[in-house]
Every structure is written in C-alpha cells, then in structure tokens.
Amino acid sequence: MRYFLSFDTSKLSEESADVVVCGSGIGGLTTAIVLKELGVEPLILTRGIGNTYYSQGGIACALHPEDSPYLHILDTQRAGRGLCREDALRVLVEEGIQRLADLKRWGVDFDPETTLEGGHSFPRVHKVKDYTGKAIYQALWERIKRLKVRVLMGELQEILGEERLEGLLYYEGSLRLIRTRALVLATGGAASMFLHTSNPVKVRGDALGIALRKGLNLLNPEFIQFHPTVVKNTSILLSEALRGEGGVLLDGRGERFVEELQPRDVVARAIYRKIREGSEVFLDMRPIKERGVNLRERFPTIYAMLKERGYDPEREPIPVTPASHYFIGGVEVNSYCKTTLEGLYAVGECACTGVHGANRLASNSLLEGVVFGYRTAYRVFHDLHTYKDLPKRNLRNAREGRQKPSYSFEDLRRLMWEACGLERKEEELTEALHTLKGWLEGWRGWKPTVENRQLLDISLVALATLSCALWRRESRGVHYRTDYPHERDEFRRESLYNLSLTPD
C-alpha cells in the first residue's frame, strides 16, 4: 500500500528544493520563516488557507509575574489526564515565552489584557479580539513575503522513497514531482472526517493516511476534541467566551439544561444528548447585550459571520451543534518533530508531540505550532548537512483499477459521527469497523485518481481512529465510552496504530 497513484517520474514536470514545507498554518509558516532566517531556502506547498486563520481563541503563555511555566504545566497535565509527555510539556511552556516574543517581533499586536479560559488557573491567554488566529496568520504571511519564500499551490499526493525521503508528488492541474532532501508535514488534523465539524472540509487529514501508507505510526488517533457550539449546518464556531460573557444554552422548549461554564467535553455531551433526544439546541446571546456588552465590538468576527448567514444574535437564539474540532493524535515524532523516515518531519496538528495527552488545554495548540515549528526548523538545518545527495532515479507505480469506491466521503463522515463521536460503545465501534473494512476491501480495484486517493487516505485515518477507540476500553479526556465510563490504570498509556499492527 506504499503508493496508490499510477506514475512514472521520468514523465512528470520536475523541480527541486532543499526543504519542502507542506501546509500553511502556524506550524508550517513558522518552520519556513526560521529556515529562511537560518539561510536555508524552503518551499511552501499549500492548497489554501491554513486552519490557523480560523482560530478565534488565543495563545497560552505564562508571562505574568504571579504566573509560572510550572503552573501552566500542571494545568495542561490536569487536562491531559495522565498522558502528557513531561519533557515535551516543559519545552512547550518554557520555550513558549521566547516564541511569543518572536510573534510580536513578526508583527502580531496582541491585546493589552490577557484572559482566562477553561482549565487554566491563571489568565494567561493572549488574544487579538476574537480573531487571534487570523492576526497571527496574516503577520506570518507578511514575513513570508518579505523574506521572499517560494510558495506553490498544490496538494500532496505521494511521499517518495523507501529507506529515506527522495521527494514527493503533488497535484495542481496535473501530477508533478519535487525532489527534496527534507519534507515537513504541517497539513493539519483530521477533524473534518466527522459529519459536523468546525474545520474547513477541504482540510481532510488525508496526509496522515499518506504517512500511514509509508509505514509511519499514528499515536492517540482516538482523541478528538469536540467543540460544544458550532452553528448548525455550518463550520462557524461560536467561542466559549460567548458563554463566559453570559450567553446561555437553551433546548427546543426554551429552557436551560446545562451549566454553560463546565468543561468543554461535558457541555458538548449534554448538547449531543439533547439533540439525540430530538430537541434542537440554541445559544442565546441576548443576555450578553443585556449586561451592556456590545457584541459587534467584543466579537466582531463572530457577529459578522452570523449576519452574513442571516442571523441576528442580538435578537434571536442561534441553533448550534457540537462538532469535531481538534485532532489530538497524529504522526509519531520526537521532540524535534522527526519521524521514523529519514528526511520526513511533522509539526502542528498532524503530529503527536505528546503535549496534549488525552485532552487539549484551551489555547495550547497555537503555542505548540510556533514552539515546535521553531524546533523543527533548527533540526532540519542541522540534518541537511548530514543528508547526502541521492542519485536521481526514476520511480514508477503501475495500477490499472477502474472501479469507483462503493462509498463517499459523506458516507464516511456520517459513519464516524454516529459510531465514534462524543459517546462511544463497543457494539457501535465494532460494527463501524466492520463496515469500513468492507468498504476498503476493494481499494486495489479503485481507479487511481486524485479523488480516490484522498478518500482512501482519510479512510485509513478513520480506520486508525475506530481501532484505537475500540481498544481503549475506558473513558479518558475527550474519549468517552458509555460502556466504560471511568479511567482505568491499564490504559494510562498512549495508543499506537500502523497498517501492520493492531493498537498497542
């Protein structure tokens, strides 16, 4: 299963680069900027706007004299339910102080006051109103432009090489080849494989499936964080800060049914249960206005997006649903984001550095991207001096499948939502695994198109998620099993999945 597409590199348009950074979120852009500042010429391959752009939340960093990195570690460990790697955590919170200075140096103008978010014992979250991710994203792209970093539009299709990286294939109108000594995956997570998601659906996580086909391991794919309040039938996320300012959750009868400021997973499951009972759920922001808060000024991005969709948050409750939000697991990497394939690295949501454990603490993900993006760049800089130039060789893969898959991406999203969503149990997980394996039985006969390759790869990620969710017979962090509602000491360890192993 190493390659899905049919190709002959001798017949493809070809170019070369010292390093290719695949993805344009905070992790990828930070890596590219630092590489350029170190004198390396990176090439960014992206298929569009990175997920960082859509982040309303902030970036956590213990800067206040009364706060400390140690307290930040304790808060993160508490959220991660015993699965955070302590060495990675120390890197995250201590180097985060330096990296926040870099973001300011690169042009991010944070609000003067920090805020408190769920799970934090101190107001250490740095924000730019309700569009922190957009502000960071725009500042990083300005830096990319000033540094004249090369950017290509295209979508990763295959990672080339067996013993070590030799290059990659990408698609932009046609299949093309880039020969490179180093590739950094910064392609985001796989939360969009669920029917309801806060992620742009084009960020499908299929690069994780490409990594699986290369023999790499995925760690902790069963841990997916669900956000409680996403506008129904959209990907518009309604920030927890709205509930912090006084917004309330109402069922179809107009009654409150949950304490809105409980932990995110508790609130999300309460909403999910209401919807399964047949009731709609609404977020009512009118109490915020009654408290004298100007919604347009306090939440300008959210307000504008709702108005564009025809909602008036000052006059009516907004229909919401929980939605998959953040993929906590990812490709196995070390503390410098190296994978087990020489020349291949992974950073950001597609990687598992171990800092989040079983549940991501609010606003630690942007911090992880900038901290480990920086470390990745330095590791690549040193490694390039040890990688020998490989002789150019032609690589081929011949497949003549003509069949269409028996299912669609929407079928997969529905399966994952119903069997592996906020509440999980043995029977449904087992049945979903059986269904998915049945769908995948004929993959060798599929026509080798870009669309079919993408469906195969996200399906492999779904297979990993279902398998590890079935294996983890306990409830821990964001993984909730109705048939095993408590933590169990025997499962206080990471799950590991690859295509040749069952979870272990």
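A: A cavity is a set of grid points where a 1.4 Å probe fits but cannot get out, and its volume is the space filled by probe spheres set on those points. Rolling a probe the size of a water molecule over the atoms shows where empty space is left. The model examined here is a predicted one.

How many cavities of 30 Å³ or more does a search of the whole structure find? The search finds 1. The largest cavity has a volume of about 40 Å³. Its lining consists of Gln56, Lys127, Lys129, Asp130, Ser239, Ala241, Arg298 and Phe299.

The account now turns to buried residues.

Pro42 belongs to strand β3, which covers residues 42–46. Because its relative accessibility is 2%, Pro42 counts as buried. Leaving aside residues up to four places away in sequence, Pro42 touches Val19, Ala32, Leu35, Lys36, Val149 and Arg150. Thr31 stands 11 residues from Pro42 in sequence, and the C-alpha atoms of the two are 8.9 Å apart.

Asp383 is found in helix α11, residues 364–384. With a relative accessible area of 4%, Asp383 is likewise buried. Its side chain forms a polar contact of 2.6 Å with the side chain of Tyr345. When residues up to four places away in sequence are not counted, Asp383 touches Lys338 and Tyr345.

Helix α13 runs over residues 426–440 and has 15 residues. From its first C-alpha to its last, α13 reaches 21 Å, close to the 21 Å expected at 1.5 Å a residue. Which residues of α13 are buried? They are Leu429, Ala432, Leu433, Leu436, Trp439 and Leu440. Seen down the axis of α13, these buried residues fall within an arc of 125 degrees, and therefore they line one face of the helix. An α-helix has 3.6 residues a turn, so residues three or four places apart point the same way. On the other side of α13, the residues Glu427, Glu431 and His434 are exposed. The cover over the buried residues of α13 includes α12 (409–420) and α14 (450–471).

How values were computed:
Residues are numbered from 1 along each chain as its sequence is written. This is a predicted model: local features need pLDDT of at least 70, side-chain atom pairs count only at pLDDT 80 or more; totals for chains, interfaces and linings use all residues. Side-chain values use heavy atoms; hydrogens and water are left out. Helices (H or I, at least four residues) and strands (E, at least two) are DSSP runs, numbered from the N terminus. Buried means under 20% relative accessible area, exposed over 50%, partly exposed in between (1.4 Å probe, protein chains only). A polar contact is a pair of N or O atoms within 3.5 Å; within protein, one must be able to donate a hydrogen and the other to accept it, and residues adjacent in sequence count only if both atoms are side-chain atoms. Contact means heavy atoms within 4.5 Å. The expected span of a helix is 1.5 Å times one less than its number of residues. The arc is that of the directions from the helix axis to the C-beta atoms. On a 1 Å grid over the protein atoms alone, a cavity is a set of points where a 1.4 Å probe fits but cannot get out, and a pocket is an open set with protein on both sides within 12 Å along at least five of seven lines; lining residues have an atom within 4 Å of a point.
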